[in-house]
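Dear colleague,

Please find below the structure that I am handing over to you.

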Amino acid sequence: MIEDKLKSKKVSKLNVVSMPQKKLESQNILSQYNLIIYIILLSNSLKNSKKVTKNMTLRSKNWSKSCYQTLSTIIEEDLENKLTLEQKRSMGTSISARTLQKIIENNYKLSYPIDPRTLNTLNKVVIFLEYHCWNDFVHKMDQEIEEKANNENPKEKIIEIVKSAIRREYLMYSNLPKIDENFLSDTYIKNSSSYNMILDVLVDKSKKKQILSNPFNPSTCEILEIEVKKLEKDYAQVYTKEFWLLCWWDTSKKKYVKRYKVISDHFYVLNMINEKWMIKANASTSDPLGLV
């Protein structure tokens, strides 16, 4: 599929995942995807922690810069009392307000595997939250997600599938210039309109050498509203309101060349295929061509 699109667009030397690498690259992207989920869960855990909410200024829905500095102080004081002398020497007790802001706002970008410095920061945050270490936090979150999935009603399960698909779409854009079609076909029906639209964007941006992964790139994607509008045996419709900000960086020109910013309504159509819900179409009030 990708090869056909490359030929039609006359793309040369495109960094598409080769067959021998495909399995490994897919695992890496899935690991990155999981890291995004864990950061969202970490953000929620921090904001809802009793240690945080007992401070009146941190109960606000919208935090100012001073709120993150307050949180930094709270965490440092807690770790000073909790960690052993050896732990303090090896990992320290402070986390910058800027780092905490990135975590709370779900903008803390992780790469797979996690580098030691970042892992040290994550360990300090989760120790503050009463976990033994980052791996302990991940394990507990996986257990909660599995329990929730087993207890979900059909509508909730479909909502999670659409949320997952949106996050995967954004992650694929963020992972350029690499393209792993398997990661897309795990959620979208292959060769469907929504599948081909995303693939077209990926190929186009790779051809133009445009990425989202440059340092300090402000791109983001948020689901503002989501609701199952129709649910039948093997057919479902889901409505969402989404905010997309994609700031495309040209690696040749070394500058931003396109800014796609939109809040739009989407109507997803899903079909049950081999006992698995898959997305067939994504009708939107925004213009898909705006992405390219």
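**Notes on the structure**

Leaving out residues up to four places away in sequence, Leu270 touches Ile158, Ile161, Val162, Asp234, Tyr235, Ala236, Val238, Trp277, Met278, Ile279 and Lys280; contact here means heavy atoms within 4.5 Å.

This is a predicted model, in which local features need pLDDT of at least 70 and side-chain atom pairs count only at pLDDT 80 or more, while totals for chains, interfaces and linings use all residues. Residues are numbered from 1 along each chain as its sequence is written, and side-chain values use heavy atoms, with hydrogens and water left out.

**The nonpolar cores**

Leu270 is also one of the residues that touch the most other members of the largest nonpolar core, together with Tyr173, Leu202, Trp244 and Leu246; this core has 36 residues. A nonpolar core is a set of buried Ala, Val, Leu, Ile, Met, Phe, Trp, Tyr and Cys residues joined through side-chain atoms within 4.5 Å. Buried means under 20% relative accessible area, exposed over 50%, and partly exposed in between, with a 1.4 Å probe and protein chains only. Two or more residues of this core come from each of helix H9 (154–174), helix H10 (181–185), helix H11 (193–207), strands E2 and E3 (235–250), strand E4 (255–273) and strand E5 (276–284). H9 gives the largest share, 10 residues. Helices (H or I, at least four residues) and strands (E, at least two) are DSSP runs, numbered from the N terminus. There is a second, separate core of 34 residues, with Leu46, Val52, Leu58 and Val126 among them.

Asp78 counts as buried because its relative accessibility is 18%, whereas Lys82, at 30%, counts as partly exposed. Beyond four places in sequence, Asp78 touches Lys51 and Phe128. Its side chain makes a polar contact with the side chain of Lys51 at 3.2 Å. A polar contact is a pair of N or O atoms within 3.5 Å; within protein, one must be able to donate a hydrogen and the other to accept it, and residues adjacent in sequence count only if both atoms are side-chain atoms. With neighbours within four places set aside, Lys82 is in contact with Lys51, Ile127, Phe128 and Glu130.

**Loops and backbone**

The loop between H9 and H10 holds Pro177, and the peptide bond from Leu176 to Pro177 is cis, with omega near 15°. Val203, in helix H11, is 26 residues from Pro177 along the chain, and their C-alpha atoms are separated by 8.8 Å. Val203 is buried, with a relative accessible area of 0%.

Asn274 lies in the loop between E4 and E5 and has a positive phi of about 55° although it is not a glycine. At 74% relative accessibility, Asn274 counts as exposed. Asn106, in the loop between H6 and helix H7 (116–128), has a phi near 60°, also a positive value in a residue other than glycine. Asn106 counts as partly exposed, with 34% relative accessibility.

With kind regards
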